[in-house]
Amino acid sequence: MVVGAFPMAKLLYLGIRQVSKPLANRIKEAARRSEFFKTYICLPPAQLYHWVEMRTKMRIMGFRGTVIKPLNEEAAAELGAELLGEATIFIVGGGCLVLEYWRHQAQQRHKEEEQRAAWNALRDEVGHLALALEALQAQVQAAPPQGALEELRTELQEVRAQLCNPGRSASQAVSASKK
């Protein structure tokens, strides 16, 4: 299942990237045209990124305490626009992941509620069956004992015999039925 899901995740990521690319390109163009956007939104992150990157490279190479010169305005604006475009793509992709997670959680909650309702229905049915069983057991215990049934059978046979032979007496019918 994971193997089948992995290409779909890659495809989804590429689709989101392709959809958000035009948005990122528009932001880059706005950064190049607008002085306010360039000065206050693109330049500070670009200069910070350049400073962190150069500082890290210098430390890796063993240079300590060197002064890092800031980028010129044109290069910083271009780098800032690139960073902003990539951040836009990342935010759109992250938003899609968050929305998919929320959708999955809602489905899980719905499934758990259905299982809980089915479980409760089964529990209620078992309770009703237990009550019916108790009622049947009470009826069985209240039934007349076996000897009383034999007496009723004997009386029934006597009544049948009298109905079949109206001239015979009851004692004759009982003796004939016993033979």
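**A predicted all-helix chain**

Histidine 50 counts as buried because its relative accessibility is 12%; buried means under 20% relative accessible area, exposed over 50%, and partly exposed in between (1.4 Å probe, protein chains only). This residue is found in helix 2. Histidine 50 touches Ile68, Lys69, Pro70 and Leu71, leaving aside residues up to four places away in sequence. Contact here means heavy atoms within 4.5 Å.

The model is predicted, so local features need pLDDT of at least 70 and side-chain atom pairs count only at pLDDT 80 or more, while totals for chains, interfaces and linings use all residues. Residues are numbered from 1 along each chain as its sequence is written, and side-chain values use heavy atoms, without hydrogens and water.

The chain holds five helices and zero strands. Its pattern along the sequence is α-α-α-α-α. Helices (H or I, at least four residues) and strands (E, at least two) are DSSP runs, numbered from the N terminus. Of the 179 residues, 13% are buried. Contacts between residues at least 6 apart in sequence were also examined: 66% of them join residues at least 24 apart. The accessible surface comes to about 14,500 Å², and carbon and sulfur atoms account for 65% of this area. Areas come from the Shrake-Rupley method with a 1.4 Å probe; for residues, only the protein chains shown count as cover.

Helix 3 has 70 residues and covers residues 73–142. From first C-alpha to last, helix 3 reaches 102 Å, close to the 104 Å expected at 1.5 Å a residue. The expected span is 1.5 Å times one less than the number of residues. Buried positions in helix 3 include Ala76, Ala77, Gly80, Ala81 and Gly85. Thr88, Ile89 and Gly93 are buried there too.

Valine 98 also lies in helix 3. Its relative accessibility is 38%, so valine 98 counts as partly exposed. Together, Val98, Leu99, Tyr101 and Trp102 make a nonpolar surface patch of about 460 Å². Patches are made of residues with over 30% relative accessible area and no salt bridge; nonpolar side chains (Val, Leu, Ile, Met, Phe, Trp, Tyr) are joined within 5 Å, like charges within 9 Å. A salt bridge is a side-chain nitrogen of Lys or Arg within 4 Å of a carboxyl oxygen of Asp or Glu.

The whole structure contains one aromatic pair. Phenylalanine 36 and tyrosine 40 form this tilted pair, at 5.1 Å centre to centre and 45° between the planes. Rings of Phe, Tyr and Trp (its six-membered ring) pair if their centres lie within 6.5 Å; planes under 30 degrees apart count as stacked, over 60 as edge-to-face and the rest as tilted. Phenylalanine 36 and tyrosine 40 are about one helical turn apart because four residues separate their positions in helix 2 (residues 35–61). Both phenylalanine 36 and tyrosine 40 are exposed.
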